[in-house]
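Hi everyone, thanks for making time.

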Amino acid sequence: MSAHIVIAGGGLAAQRCCDTLRRAGHRGRITLVCAEPVVPYDRPPLSKQVLAGELDLAAVALRPPGWYADRGVELLLGRAAAALHADRHQLELRDGGVLGYDRLLIATGAEPRRLPLFDGAPNVHLLRTADDAARLREALRPGVRLLVIGAGFIGQEVAATARALGVRVTMLEAMAAPLAGLLGHELGTWFADLHRDEGVDVRCGVTAAGARRDERGRITGVTTADGHTFACDVVLVGTGVTPADGWLAGSGLGGGGVECDHAGRTALPDVFAAGDVARPYDRLARAHGRSEHWEAAARQGAAAARAMLGAGRGDAALASFWSDQYGLRVQYVGHASLGDTVELDGDLTERDFAAVWRSRGRPVAALLVGRPRALPQMRRLVEEGLEHQPQEMTV
Ligand code: FAD
């Protein structure tokens, strides 16, 4: 097929799409348009090895720059998609350029939520890009007081890396326990205790309500709704992400993510979506949902490429995600919200256990802590368990 395939976005999903297209024999033009001025790179190390100073940007590139030239992938880096005109099969760029396409992949990822409370403060950080990681790394000097707002996975990983750098860390979480919405109170409390054991001051059930600033606008303290003030030198906001789909306004797509089928096909002809921006249909969960995790972005990028070429049925396998904290591997697969019971196997105090959520006696989700090799088998069990759930269940 000699179609011109344009990819809006240049992260993992975009790179996997290019790779799969060429492997599947696509000979036509491929153009990748990315707002960031660098070749696609891997984000998970940003909160881990890159923040720790163990890896630099070149080391986390998904492929070296020459890989794209060798495969005839045209890179438009540092240029952003600004509008989609699906009726004309055109992508408009922020700098006024216009690209015609035969097939388009939307893979613009997600953006961290900002807290208006901190607007304009130079010592407040978000963490999504390599630039963000470099700025934060620079600020995390030994003895500095870091205040992490939000104890999701990004907040927790930054807290863990910062502790290893000799930083004094306080972590504020609005829920009664970290990740309680996903894992429930008992396991959420286990994560709070993990960080406390490593010297993090974890406060749950608190929300940031006010901020003190110095004469340069830097945040020197954050006051919670219950009246406590936490002094700080650096703030990291880790309160989740929203899909980067604002540029699709008026196109008929986007707004809470781009809805698509299991293979990335959207409601618009020849337009596909993959990765953190996409809201694909998950056959096992029987619902559309965004994943915001690495494995799903990689699979969806590849599945969309196959669908663009008219091949493949799309991949229904369940994606899992992982987190690394204090040298410990944490993995999760499935949909815990479908479970009506949860069983623990192993030793929570030894940081070596599995939690398995069941519905009608069958596994529907699992959390593995310190058991990296158990994932493939657990994934199979959870997939089988979900296959056997009644049709009307949704996540
Ligand atoms: P992205 O990687 O976000 O790429 C999207 C790209 O599109 C970006 O370069 C962006 O600048 C660009 N873009 C945005 N808007 C436009 C536009 N209008 N025009 C052109 N380009 C645009 N997942 C895990 O499973 N395990 C982990 O341990 C883990 N750790 C993580 C740590 C960090 C710090 C972060 C930020 C993420 C982590 N993730 C992890 C999540 C994982 O990295 C993401 O799910 C994955 O990167 C999503 O890939 P993507 O291609 O959809 O989007």
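I'll go through the domains, then the ligand, then one of the domain contacts.

Okay, so this is a predicted model, keep that in mind.

Now, the ligand. There are 34 residues around the ligand, and the ones that come nearest are Glu-36, Arg-43, Lys-48, Ala-81 and Arg-128. Let's look at some polar pairs. The side chain of Glu-36 has an N or O atom 2.6 Å from an oxygen of the ligand. For Arg-43, a polar side-chain atom also sits 2.6 Å from a ligand oxygen. With Trp-322 we're on the backbone: a polar atom there is 2.9 Å from a nitrogen of the ligand.

And how much of the ligand does the protein cover? On its own the ligand has 1,000 Å² of accessible area, and the protein covers 93% of that. If you want to know which elements supply two or more residues to the shell, they are α1 (12-23), β2 (30-34), α5 (153-164), α8 (294-308) and β22 (320-325). In domain terms, domain 1 and domain 2 each put at least three residues into the shell. By class, that shell has 18 nonpolar residues, with eight polar and eight charged.

Nine residues of domain 2 and twelve of domain 3 make the contact. About 900 Å² is buried between domain 2 and domain 3, and carbon and sulfur atoms give 76% of it. On the domain 2 side, Leu-183, Leu-187 and Trp-190 lose the most area to domain 3, together 54% of what that side buries.

That's me done, thanks.

Note on methods: Residues are numbered from 1 along each chain as its sequence is written. This is a predicted model: local features need pLDDT of at least 70, side-chain atom pairs count only at pLDDT 80 or more; totals for chains, interfaces and linings use all residues. Side-chain values use heavy atoms; hydrogens and water are left out. A residue is near a molecule or strand if one of its heavy atoms lies within 4 Å of it. A polar contact is a pair of N or O atoms within 3.5 Å; within protein, one must be able to donate a hydrogen and the other to accept it, and residues adjacent in sequence count only if both atoms are side-chain atoms. Accessible areas come from the Shrake-Rupley method with a 1.4 Å probe; for residues, only the protein chains shown count as cover. Helices (H or I, at least four residues) and strands (E, at least two) are DSSP runs, numbered from the N terminus. Ala, Val, Leu, Ile, Met, Phe, Trp, Tyr, Cys and Pro count as nonpolar, Asp, Glu, Lys and Arg as charged, and the others, Gly among them, as polar. Domain bounds come from an automatic or database domain assignment. Contact means heavy atoms within 4.5 Å. Buried area is the accessible area (1.4 Å probe) that two parts lose on being put together, summed over both.
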